[in-house]
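Please keep the sequence and the model in view while following it.

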Amino acid sequence: MTQAASDPPPARDEPRRGALPARTEAVLDGIYRIPVPLPGNPLKELNGYLLRGRESDLLIDLGFRMPECREALMAGLSELGSSPERVDVLLTHLHSDHSGLADEFGENGRRVYMTGTDIDYLRGIRSGTISRKTRARFVSEGFPEDVLAEVENANPAWKCAPRRHEGRFHALRDGDVIAVGDYRLRTVLTPGHTPGNAMFWLEEQKLMFTGDHVLFDITPNITSWTGIEDALGDYLESLRKSRAFPVEIALPGHRKPGPYHERIDRLLAHHERRLAEARGVIGDQPGLTAYEIASFMKWKIRADDWQSFPPVQKWFAVGECLSHLDYLRLRGEIVCLPQGGIRRWYAAGFPPA
Ligand SMILES: [Zn+2]
């Protein structure tokens, strides 16, 4: 990684253990996890990872643009003898629980990296062009406009995203290598969870930073994305590609690590079951909207019934349902017929002509 002339002097060699409550933990020699709380979010915490170098450090993922996240991240950096002036940032994807605090980084010759696809997509979201189309799709899929208004008020994806930094992100492509200290991280493009989602691979250590592409005790949300025809198909293809890496240590963006290849097999099987579930609902009840189909699918949410789902959870559920419907429609298994501006879903061949 290039070093700017204005670099601050290297920080002390050893992390400053004991100066603050030890919230960070060592993962490998020179690699640390920084837990960042996500207030009010069922994910609970983001895992930031710091890789210590000589003149600079590398930080993977950041947390929401919220005071609680900023405080925890900065305390973690300080505990490890680092600071925003010393770190370059690698973002696994555009979601604001990962990118939100980007405004705090990338000054004085330091850089914030994300894939070019996610940079462009984030720009589209911020300019409103993508958000308008996404909104129109959800309405056409039966999502009630009053619930949508509540989502727009509450969804942290809109409120806690970076405000001014996104124009200065540096673009990564598949295979790009970022070096820090003795570590060389290779960018592995894995579209699906977001259009330009990435993992970062340390070949020598057989270590993969999986971001949200592979999570272990929760299932990554796969939603429909405006302008992306087949998000679930992309995700499943990315999972198969990821499976070929001889990963021995997998460090996820949330919660605990686990066995990588086994987890990928389980995620592939999970989506097969979800596809079967969607097929079943459509076969049993032809002509439902996606909003209604989602209400008949099973969700791991603490709520008595669909009516009592929080609006944001309804948004995620319908988005995930849509990614499965798109997948089935593109493979000729189901069709959708607009009726009065609302899209209704049927098994292929139904209703009879
Ligand atoms: Zn996340």
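**Reading the zinc site and the sheets**

Q: What is the geometry at the site of the zinc ion?
A: This is a predicted model, and the site of the zinc ion in it is irregular, with angles of 87 to 160° among its 4 donor atoms.

Q: Which residues are the protein donors of the zinc ion, and through which atoms?
A: They are D97 and D212, each through OD, and H98 and H254, each through NE2. These donors lie 2.0 to 2.2 Å from the zinc ion. Along the chain their spacing reads D-H-x113-D-x41-H.

Q: Which parts of the chain do H98 and H254 tie together?
A: H98 belongs to helix α2 (residues 96-99), while H254 sits in the loop between β12 (249-252) and α8 (260-284), so the two tie together parts that are 156 residues apart in sequence.

Q: Are H98 and H254 buried or exposed?
A: A residue counts as buried when its relative accessible area is under 20%. H98 is buried, at 0%, and H254 is buried, at 0%.

Q: Which residues of β8 lie on its covered face, and which on its uncovered face?
A: I178 and V180 make up the covered face, whereas V177 and A179 make up the uncovered one.

Q: How many bridges link β10 and β11?
A: Strand β10 (residues 198-202) and strand β11 (residues 207-211) are linked by 3 bridges, in the antiparallel sense. F200 has F209 in β11 as its bridge partner.

Q: Where does H213 lie, and is it buried or exposed?
A: H213 lies in the loop between β11 and α7 (231-243). H213 is buried, with a relative accessible area of 0%. Leaving aside neighbours within four places in sequence, H213 is in contact with several residues, among them T190, M199, Y235 and L267.

Q: What is the order of strands in the sheet of 7 strands?
A: This open sheet runs β1-β2-β3-β4-β5-β6-β7, and its pairing is mixed. Its edge strands, β1 and β7 (170-172), each pair on one side only. Neighbouring strands of the sheet are turned by 30° against each other on average, direction ignored.

Q: In which sense do β1 and β2 run, and in which sense do β5 and β6 run?
A: Strand β1 (residues 25-28) and strand β2 (residues 31-37) run antiparallel and are joined by 3 bridges. They form a hairpin with 2 residues between them, where G30 in the turn has a positive phi of about 80°. Strand β5 (residues 87-90) and strand β6 (residues 112-115) run parallel, joined by 2 bridges. Across the latter pair, V89 stands opposite V112 in β6. α1 packs on the sheet, touching β2, β3 (45-51), β4 and β5, and its direction makes about 160° with that of β2. Helix α3 (residues 116-127) also packs on the sheet, where it touches β6 and β7.

Q: At what angle do α4 and α10 pack?
A: Helix α4 (residues 129-140) and helix α10 (residues 311-330) pack at an angle of about 85°, and their axes are 11 Å apart. The two helices are therefore roughly perpendicular to each other. T134, R137 and F138 of α4 make the contact with W315, V318, G319, L322 and D326 of α10.

Methods. Residues are numbered from 1 along each chain as its sequence is written. This is a predicted model: local features need pLDDT of at least 70, side-chain atom pairs count only at pLDDT 80 or more; totals for chains, interfaces and linings use all residues. Side-chain values use heavy atoms; hydrogens and water are left out. Donors are N, O and S atoms within 2.8 Å of the metal (3.2 Å for Na, K and Ca); water is not among the atoms, so sites may look incomplete. Four donors count as tetrahedral if all angles lie between 85 and 135 degrees; four count as square planar and six as octahedral if opposite donors are over 155 degrees apart and all others between 65 and 115; anything else is irregular. Helices (H or I, at least four residues) and strands (E, at least two) are DSSP runs, numbered from the N terminus. Buried means under 20% relative accessible area, exposed over 50%, partly exposed in between (1.4 Å probe, protein chains only). Two strands pair if DSSP finds at least two bridges between them. Contact means heavy atoms within 4.5 Å. Axes are lines fitted to C-alpha atoms, for helices over the stretch in contact, and angles run from 0 to 180 degrees between N-to-C directions. Angles under 35 degrees count as roughly parallel, over 145 as roughly antiparallel, 65 to 115 as roughly perpendicular and the rest as oblique.
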